[in-house]
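Good morning. I will take a few minutes to walk through one protein, from its overall build down to a few single residues. Please have the sequence and the model open.

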Amino acid sequence: MSAGDVETRPSPIAGQGLFARRDFGVAERLAPYRGPLTSAPPAREESGEVYALEVAPGLWLDGAGADNPARWANHSCAPNAELVWLGATEGAWLISLRPLRAGEEITFDYGFSLAESLFHPCSCRAPGCVGRIIAAPLRPALRRHLRFSRPRD
Ligand SMILES: [Zn+2]
């Protein structure tokens with residue numbers, strides 16, 4: 001990736017976002033997701049942001065550093081990229097799931113658990129957005145949970 005392929009700027013989804021600066025094809029590397037590997041899950045940011053990727057059981061990539069612009073990529077319920085661990089030599093990359101046009105926001109599935117999702121509202125505005133940041137396979141369970149939970153006041 002050359003430095004000019006992606007850029008960070010304010011996002012309609014949340015805060016800063018990561019955006020394509022040129023067209024991309026399917027399964028192209030969009031941006032590296034850089035950070036040190038640790039054997040313990042990195043602590044959460046005070047803001048509640050999470051930039052950790054579990055690359056293998058018990059091995060975490062801490063993407064919170066300033067040298068990782070890809071950390072600004074937002075979650076979407078209909079993502080156009082996925083975060084893939086390519087091994088110790090290549091590291092982790094955001095890779096396109098479909099063709100992207102220059103100017104499109106790059107999003108991926110944060111893969112949050114049901115418990116995590118309850119503290120992370122989603123405002124991706126994708127059709128079918130479940131309103132919480134949660135891994136795609138868990139969305140039916142979240143929908144059931146929301147249907148049966150009652151407001152407290
Ligand atoms: Zn959403």
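Buried residues make up 28% of the 153 residues in the protein. A residue is called buried if 20 or more other C-beta atoms lie within 10 Å of its own, exposed if 12 or fewer, and partly exposed in between, with C-beta atoms placed from the backbone. This is a predicted model, so local features need pLDDT of at least 70 and side-chain atom pairs count only at pLDDT 80 or more, while totals for chains, interfaces and linings use all residues. Residues are numbered from 1 along each chain as its sequence is written.

Now the overall build. The protein has two helices and 10 strands. Helices (H or I, at least four residues) and strands (E, at least two) are DSSP runs, numbered from the N terminus. In order, the elements from the N terminus are β-β-β-β-β-β-β-β-β-β-α-α. The C-alpha trace spans about 50 × 35 × 25 Å along its principal axes. A compact globule of 153 residues would have a radius of gyration near 15 Å, and the 16 Å of the protein agrees with that. The radius is taken over C-alpha atoms, and the globule rule is 2.2 Å times the number of residues to the power 0.38.

Next, the strands. Two strands pair if DSSP finds at least two bridges between them. Strand S1 (residues 6-10) and strand S2 (residues 16-20) run antiparallel and are joined by five bridges. The bridge partner of Val-6 in S2 is Ala-20. Five residues lie between the strands of this hairpin, and Gly-15 takes a positive phi near 50°.

There is also an open sheet of three strands, in the order S4-S6-S5, with antiparallel pairing. Which strands stand at the edges? They are S4 (37-38) and S5 (52-56), and each has a single partner strand, so one side of each is left without a neighbour in the sheet. S4 pairs with strand S6 (residues 59-62) over two bridges, and Leu-37 stands opposite Leu-61 in S6.

Ser-39 is in the loop between S4 and S5. Why does Ser-39 count as exposed? Because it has 7 other C-beta atoms within 10 Å. Leaving aside neighbours within four places in sequence, Ser-39 is in contact with Gly-58 and Leu-59. Contact here means that the C-beta atoms of two residues, placed from the backbone, lie within 7 Å.

Now the inside. A nonpolar core is a set of buried Ala, Val, Leu, Ile, Met, Phe, Trp, Tyr and Cys residues joined through C-beta atoms within 7 Å. The largest one has 20 residues, and among those touching the most other members are Leu-18, Leu-30 and Ile-106. S2, strand S3 (29-33), strand S8 (81-85), strand S9 (92-96) and strand S10 (105-108) give two or more residues each to this core. Apart from it lies another core of seven residues, including Cys-77 and Tyr-110.

Last, two backbone angles. Most residues other than glycine have a negative phi. Ala-27 is not a glycine, yet has a positive phi of about 60°. Ala-27 lies in the loop between S2 and S3 and is exposed, with 12 other C-beta atoms within 10 Å. Arg-125 also has a positive phi, near 65°. Arg-125 is in the loop between helix H1 (114-117) and helix H2 (139-148), and counts as exposed with 11 C-beta neighbours inside 10 Å.
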